[in-house]
Amino acid sequence: MVSKLSVGIKTAGYSDFKIENVFFEIKPGELLLITGRSGSGKTTLLYSISNLIKIRGGFVNGYVLYNNINLLERDLKEVFEKIMIIPQEPWFATVGYSVYTEYCHTLSVYGLKCELNGLVKTGLINNIDQSTFTLSAGQYQRLLISEVFAVKPDIILFDEPFTYIDLESRIDFIKTIESFLEENRIVIVVDHIPSNWRKVEPKLIILDNGRVKYYGHYIDPLDEHINRLRVKKNLEYSDISLKAVNIWFKYPYEKPLIKGVNLELHYSEIIGIRGGNGVGKTTLLKILSGIYKPWKGFVDRNGRAIYLPENPLLYLTHPTPRLELESCSVEDDLLREVVEVFDLNRVIDKPLKHLSSGERRRLALASCFLRNYDLYFLDEPSGGLDYHSLIQLIDMINYIVEKKKTVVIAHHDPRLKNIFDKEYLLSNGVLVESN
């Protein structure tokens, strides 16, 4: 029997950031949506509710009452008999080397038999033997959701679930959430775009700098920002920066993933590449940037290229922004300018593990720029960003392009559609220009 969840967080966080005075109640069959700017404390609140914040080096004071038990006073094993959390970076929540081993391992932890119904519901049954290392971010999320279907926890926490899911899959995901609510489960979602959940009629919390700015019925606080995302297209193309001719690629023992791709890029140009989960967008970026070698065809680059992964922690190599940027060995004036342009002053000495997703992305992009690359291949750079942070990202990309660089972005984000000089659709291995 699912009872209501009562949360009272007096204070929680880390040595350099905390949330304060967050109180709410949520009943079975209800959805609570938490939104706010990057760095406002959304993820900190989720980790406080689940009591995971303590093993991440943080603290929490308050209560999380469920079935008259304060879960903050219980060990994690008892907490996770009731709560499952799907993090924004889903790869951090998997340990199995294949879809099957990851799924069955999770069920075994809960003492359940490894029945594959969860994988069937999320469409991953055909990927059962696939290595988790080769999954796209969207497929990682679907794998974790498969585990939620199988375990059936009373309370489900999602951190930015749409970050890596394509538009078609988002519709299916909303239906999944509605099915959880119909089963009288409690669902708490962090999302930087509240309008994704308008039809579900959730309760809403808006956080601002660690404090509750609004708590109540659903409103859309971001409509005012939409028109600010219109960016003038760059119409003055310069020299060719990259030419790809008849590119084919396949992984060992698999069918071709990229088929006969031809592409010509220019300096001072922003290019978009979109497509569904698992179609090969990341693979194509890695080929164009020189990480992977094509099976057939060739790529001719006129300059140094860098691939920036969707998880910026895979790029960053130093523990704080200051050390990361100083390692680029540039003049002090340029370093100060980049810190200002990329809005890193507030977090310059903050540990990477305490940075928000948006702050990590800004830092990684700043580090790339200071290392003087010519071609930038960005994988889902807007994932998990609120409108304010998205505007900052667009400003940074424009700053880079004005320096006669090329930027290529793989994405699922419809908010980006107006910034591209050209946009391409990757489908069934074929790349075609999109209108």
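1. In this predicted model, helix α1 is followed by asparagine 51, a residue whose phi is positive, near 70 degrees. The helix itself spans residues 42–49, and because seven of its eight residues are buried, α1 is largely enclosed by the rest of the structure. The buried positions in α1 are Lys42, Thr44, Leu45, Leu46, Tyr47, Ser48 and Ile49, a list that can be checked directly against the coordinates.

2. The largest nonpolar core has 40 residues, and those with the most contacts inside it are Leu325, Phe342, Leu365, Tyr376, Ile397 and Ile409. At least two residues of this core come from each of β15 (305–308), α9 (332–341), α10 (357–370), β16 (375–379), α11 (387–402) and β17 (406–411), and α11 gives the most, with eight residues.

3. Isoleucine 409, once its neighbours within four places in sequence are left aside, is in contact with Ile270, Ile271, Gly272, Ile273, Leu378, Pro381, Ile397, Leu416, Ile419 and Phe420. A second, separate core of 38 residues includes Val99, Ile128, Val148 and Ile165.

4. Glutamine 141, found in helix α5 (residues 137–151), deserves a separate comment. With a relative accessible area of 2%, glutamine 141 counts as buried, because that value falls under the 20% cut-off. A polar atom of its side chain lies 3.2 Å from the backbone oxygen of proline 161. Not counting residues up to four places away in sequence, glutamine 141 touches Gln88, Pro90, Glu160, Pro161, Tyr164 and Ile165, and Ile165 is also among the residues of the second core.

Notes. Residues numbered from 1 in each chain as written. Predicted model: local features only at pLDDT ≥ 70, side-chain atom pairs only at ≥ 80, totals over all residues. Heavy atoms only, no water. Helix = DSSP H or I, 4+ residues; strand = E, 2+ residues; numbered from the N terminus. Buried < 20%, exposed > 50% of the residue type's maximum accessible area, 1.4 Å probe, protein only. Polar contact = N/O pair within 3.5 Å; in protein donor to acceptor, adjacent residues only side chain to side chain. Contact = heavy atoms within 4.5 Å. Core = buried A, V, L, I, M, F, W, Y, C linked by side-chain atoms within 4.5 Å.
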